[in-house]
Amino acid sequence: RNDSQRSLFTATSAVELRPFPVSLPESFRPESIEELVQTASDKHELNRDFWGRYKDFPTMAQVSNKDEILQIVDNFVLIHRKHVHVFQRLKVTVLRTLDMWSASDLAGLCHAWAQLGFLHEDLCLAMAGRVTETVDGCNPQQLTWLLDAYATARCSVDSVTATIVRATFLLLEKFTLKELCLHASSFARLNLQHRELLHAMSLRFVSLLTSCSDVSADRDWHTRYAARDLALMSYALAKLGCASDAAFAAISKGAVPVMRDFTAQDIRMVFVAYQRANYFDAVLQSLSLEAHRRIAQFSAESLTLTLSSMAYFGM
């Protein structure tokens with residue numbers, strides 16, 4: 001067993017491995033909106049004009065106007081909380097009035113509910129017709145949110161996939177790095193094999209990442225991509241069999257300035273992706289050091305997969 005693996009095993013023996021703590025939106029039913037405002041204002045900046053508009057949650061739940069529903073959901077996102085009763089009533093209204101909603105509207109709604117853990121398969125299935133009919137009105141971000149919604153709900157609808165693939169081809173040159181990475185991960189999570197599109201997305205990804213790889217000349221790289229984005233893209237390309245040396249070389253170079261931002265989950269994804277792609281790069285040595293630094297954040301399964309990939313490369 002080499003030094004890199006021995007170091008990780010030694011650190012593991014001294015640390016109690018527990019599930020990595022995930023911060024989830026708080027589900028709650030406060031007695032009043034005043035109580036919500038009081039508790040949430042300690043951690044978040046509230047739109048008091050919005051919250052003062054409703055006398056209680058039952059009143060809020062009866063809203064039927066599309067723009068008001070979107071505003072309600074967006075304001076819950078801002079305080080990282082969900083109110084199940086209100087959301088359930090609003091979803092019933094949305095399902096009843098789907099003809100009033102466009103794909104771009106539904107993208108915003110689903111993105112918000114996905115962040116709050118309230119996105120369910122029933123909505124994804126019900127809105128499929130509206131998505132296919134109105135998807136041409138979506139921009140790249142909205143296309144990304146739509147496919148991410150279906151991936152989050154683990155719900156695949158052929159007609160929706162076909163229209164999103166077509167729209168993505170048309171708007172591919174307008175996608176940002178972050179949007180490309182999330183979009184690719186959605187294809188991977190749904191196990192959607194569209195090699196022509198994934199190849200085109202990979203080429204666009206390499207072009208964008210290469211253009212901002214010179215950190216010394218471009219100090220705002222962190223606004224263009226994050227460590228998580230690189231982990232998502234490497235995972236997607238490897239899982240769907242679309243990995244290329246050019247893409248993984250770009251990922252390796254792009255990983256250097258964000259190295260200390262990789263989480264335990266990101267590190268596991270990258271190692272497994274590089275193993276699947278059978279691509280070795282010196283950047284994996286730096287990632288192994290980050291794995292050691294974050295050893296307490298690994299679950300037993302993630303650590304096992306990471307060590308297995310390291311062993312594959314003889315590290």
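Predicted model: local features only at pLDDT ≥ 70, side-chain atom pairs only at ≥ 80, totals over all residues.
Biologist: What is the volume of the second largest pocket?

Modeller: A pocket is an open set of points on a 1 Å grid over the protein atoms alone, with protein on both sides within 12 Å along at least five of seven lines. Grid points are joined across faces, edges and corners, and a volume is the space filled by probe spheres set on the points. For the second largest pocket this comes to about 490 Å³.

Biologist: Which residues lie nearest the centre of the second largest pocket?

Modeller: Lining residues have an atom within 4 Å of a point, and this pocket has 20 of them. Nearest its centre are Asp-148, Leu-182, Ser-185, Arg-189 and Leu-232.

Biologist: How do the residues of that lining divide by class?

Modeller: Ala, Val, Leu, Ile, Met, Phe, Trp, Tyr, Cys and Pro count as nonpolar, Asp, Glu, Lys and Arg as charged, and the others, Gly among them, as polar. On that basis the lining of the second largest pocket has six nonpolar, eight polar and six charged residues.

Biologist: Are α10 and α12 roughly parallel or roughly antiparallel to each other?

Modeller: Helices (H or I, at least four residues) are DSSP runs, as are strands (E, at least two), numbered from the N terminus. Axes are lines fitted to C-alpha atoms, for helices over the stretch in contact, with angles from 0 to 180 degrees between N-to-C directions; α10 and α12 pack at about 30°, axes 9 Å apart. Angles under 35 degrees count as roughly parallel, over 145 as roughly antiparallel, 65 to 115 as roughly perpendicular and the rest as oblique. The α10 and α12 pair is therefore roughly parallel.

Biologist: And how do α12 and α13 stand to each other?

Modeller: Helix α13 covers residues 195-211, and its axis is 10 Å from that of α12, at an angle of about 150°. The two helices are therefore roughly antiparallel.

Biologist: Which element gives the most to the lining of the largest cavity?

Modeller: A cavity is a set of points where a 1.4 Å probe fits but cannot get out, and the largest one has a volume of about 30 Å³. At least two lining residues come from each of α15 (245-255), α16 and α17 (283-293). The most, three residues, come from α15.

Biologist: Which elements give two or more residues to the lining of the second largest cavity?

Modeller: That cavity holds about 30 Å³ of space. Its lining includes Leu-147, Tyr-150, Val-160 and Thr-161, and by class has seven nonpolar, two polar and no charged residues. The elements are α10 and α11 (158-171).

Biologist: Where is Arg-154?

Modeller: Arg-154 has a positive phi of about 50° although it is not a glycine. Its place is the loop between α10 and α11.

Biologist: What is phi of His-80 near?

Modeller: His-80 lies in the loop between α5 (66-78) and β2 (81-82). Its phi is positive, in a residue other than glycine, and near 55°.

Technical notes:
Residues numbered from 1 in each chain as written. Heavy atoms only, no water.
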